[in-house]
Amino acid sequence: MIDQRWFATYLAALAMATGQHQRAHALLQERIGLRIRAGDGGAPFASYDWVQLSHNAVMQGDVAAAKAVLLRAPQFKPLVGDLHGSGMADSNASAEQWARIRLHEADAAAALAVLSASYGLEPAEYRSEPTLAPHALRGEVLCAAGRPAQGLPYLQATISATEPALSPAAPALARLRAVAGRCALPAGDRASAAQWAARARTAFVAQAPVSDWYRLPLHGLDRALGTSGSGALATGRVRIGAVAASGGS
């Protein structure tokens, strides 16, 4: 029997990536309902349903809704006898999303406080990181907190680890390149920042129909570089509300 939850999962991910956020919201709600009816709505891995529902709201710029989703989510119990670290990833998922929300609010200190001191340092299987692994979120938070020398290596490691597996035009990778470029500027590396911007812009030209949320860091980077933001930025329309100081995390 084909599990309808998988269909809802993949269709929701596609809708989020392409900026169809209202459709994604409906599909994610459907997935939560299907999981509850299947009897595993309280399982630790169900936390991802709520995290994705919250992140879809962040991608629309609705931080209040994103917070409300996490606050009304069930209290998930940790896995018993977990031998592979997946339970740790489940428990990290909500904290990661709170960190993204704080970044979107331009409160980097709060974002850093949400993550455990060891987050980004433990084995990769302990992190859920639904966008890119292994170190993207910690690097982005550190950079936004004014610690580029510490944050940039995390971003660079993530890009190096994921580039072989992703299309050059992957929107999540393009976004991360722009985040790395924004971080490179205060680190004193304007040349690298400009190169990251150019690569991100090329990807968005090739992959134009994506959520505006992916483009926000590139808008911030172009402003910081004083460039016009040609190509994809000339055709993309940012409809998301507040943009975090870190470039729309």
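## Nonpolar cores

A nonpolar core is a set of buried Ala, Val, Leu, Ile, Met, Phe, Trp, Tyr and Cys residues joined through side-chain atoms within 4.5 Å. In this predicted model, the largest such core has 47 residues, and the members touching the most others are Ile-101, Leu-155, Leu-218 and Leu-221. Helix H9, residues 171–184, supplies the largest share of this core, with 8 residues.

## Packing of H9 and H11

H9 packs with helix H11, residues 212–225, at an angle of about 30°, and the two axes are 8 Å apart. Angles under 35 degrees count as roughly parallel, so H9 is roughly parallel to H11. The crossing of H9 with H11 is left-handed.

On the H9 side, the residues that meet H11 are Pro-171, Ala-172, Arg-175, Ala-178, Val-179, Gly-181 and Arg-182. Their counterparts in H11 are Trp-213, Tyr-214, Pro-217, Leu-218, Gly-220, Leu-221 and Ala-224.

## Aromatic pairs

There are 2 aromatic pairs in the structure. One of them joins Trp-213 and Tyr-214 in an edge-to-face arrangement, with 5.1 Å from centre to centre and 70° between the planes.

Buried means under 20% relative accessible area. Trp-213 therefore counts as buried, at 4% relative accessibility, and Tyr-214 is buried because its relative accessible area is 11%.

Note on methods
Residues numbered from 1 in each chain as written. Predicted model: local features only at pLDDT ≥ 70, side-chain atom pairs only at ≥ 80, totals over all residues. Heavy atoms only, no water. Buried < 20%, exposed > 50% of the residue type's maximum accessible area, 1.4 Å probe, protein only. Helix = DSSP H or I, 4+ residues; strand = E, 2+ residues; numbered from the N terminus. Phe/Tyr/Trp six-rings, centres within 6.5 Å; stacked < 30°, edge-to-face > 60°. Axes fitted to C-alpha atoms, helices over the stretch in contact; angles between N-to-C directions. Parallel < 35°, antiparallel > 145°, perpendicular 65-115°, else oblique. Left-handed = near helix turned anticlockwise from the far one by under 90°. Contact = heavy atoms within 4.5 Å.
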